[in-house]
Amino acid sequence: FYMIRNGNAARDAAMEALEREPRNIKAQITVAGFLLNAPPMAGGDTAQGRMVLERALAQEPASANDRFLILGWLAQASHAMDDMDAAEQYFAEALAIYPESEWLAEIGDSILD
């Protein structure tokens, strides 16, 4: 309910940050996080979130943490869109960065079932 009630403000703030700095990895991650986590009626859009993350990944982020987040969310988004080959590839790349991640283990459980 919070996302539905406040989704427009959150979406607008994230989009404004991206408009100000279109190549800013953290802004892209923020926008993608909103798009992937908000329900559709609050502006969520898995396909658009995946597209934003793919653009961020193409910039070859220097931060291993940023790359890990991008890959983990790409794995989730790809899985949600029934693109299992991509989901497994993104998952494997994220796993190589941070194999002890509990968050990633949960993603793996759903992808590898």
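Biologist: Which side chain does the side chain of Asp 66 make a polar contact with?
Modeller: In this predicted model, the side chain of Asp 66 makes a polar contact with that of Lys 26, at 2.8 Å.

Biologist: Where is Asp 66 found, and which residues does it touch beyond four places away in sequence?
Modeller: Asp 66 is found in helix α4, residues 64–80. Not counting residues up to four places away in sequence, Asp 66 touches Ile 25, Lys 26, Ile 29 and Pro 61.

Biologist: Is Asp 66 buried or exposed?
Modeller: Asp 66 counts as buried, because its relative accessibility is 8% and the cut-off for buried is under 20%.

Biologist: Turning to α2, what caps its N-terminal end?
Modeller: Asn 24 does: one of its side-chain oxygens lies 2.9 Å from the backbone nitrogen of Lys 26.

Biologist: What span should α2 have?
Modeller: Helix α2 has 13 residues, 25–37, so at 1.5 Å a residue it should span 18 Å. Its end C-alpha atoms are 18 Å apart, in agreement with that value.

Biologist: Which residues in α2 are buried?
Modeller: The buried residues are Ile 25, Ala 27, Gln 28, Ile 29, Val 31, Ala 32, Gly 33, Phe 34 and Leu 35.

Biologist: And at what angle do α2 and α3 pack?
Modeller: Helix α2 and helix α3, residues 46–58, pack at about 160°, and their axes are 8 Å apart. The two helices are therefore roughly antiparallel, as angles over 145 degrees count as such.

Biologist: Is the crossing left-handed or right-handed?
Modeller: The crossing of α2 past α3 is left-handed.

Biologist: Which residues meet there?
Modeller: From α2, Ile 25, Gln 28, Val 31, Ala 32, Leu 35 and Leu 36 take part. They meet α3 residues including Thr 46, Gly 49, Val 52, Leu 53 and Ala 56.

How values were computed
Residues are numbered from 1 along each chain as its sequence is written. This is a predicted model: local features need pLDDT of at least 70, side-chain atom pairs count only at pLDDT 80 or more; totals for chains, interfaces and linings use all residues. Side-chain values use heavy atoms; hydrogens and water are left out. The expected span of a helix is 1.5 Å times one less than its number of residues. Buried means under 20% relative accessible area, exposed over 50%, partly exposed in between (1.4 Å probe, protein chains only). A polar contact is a pair of N or O atoms within 3.5 Å; within protein, one must be able to donate a hydrogen and the other to accept it, and residues adjacent in sequence count only if both atoms are side-chain atoms. Axes are lines fitted to C-alpha atoms, for helices over the stretch in contact, and angles run from 0 to 180 degrees between N-to-C directions. Angles under 35 degrees count as roughly parallel, over 145 as roughly antiparallel, 65 to 115 as roughly perpendicular and the rest as oblique. A crossing is left-handed if the near helix is turned anticlockwise from the far one by less than a right angle, and right-handed if clockwise. Contact means heavy atoms within 4.5 Å.
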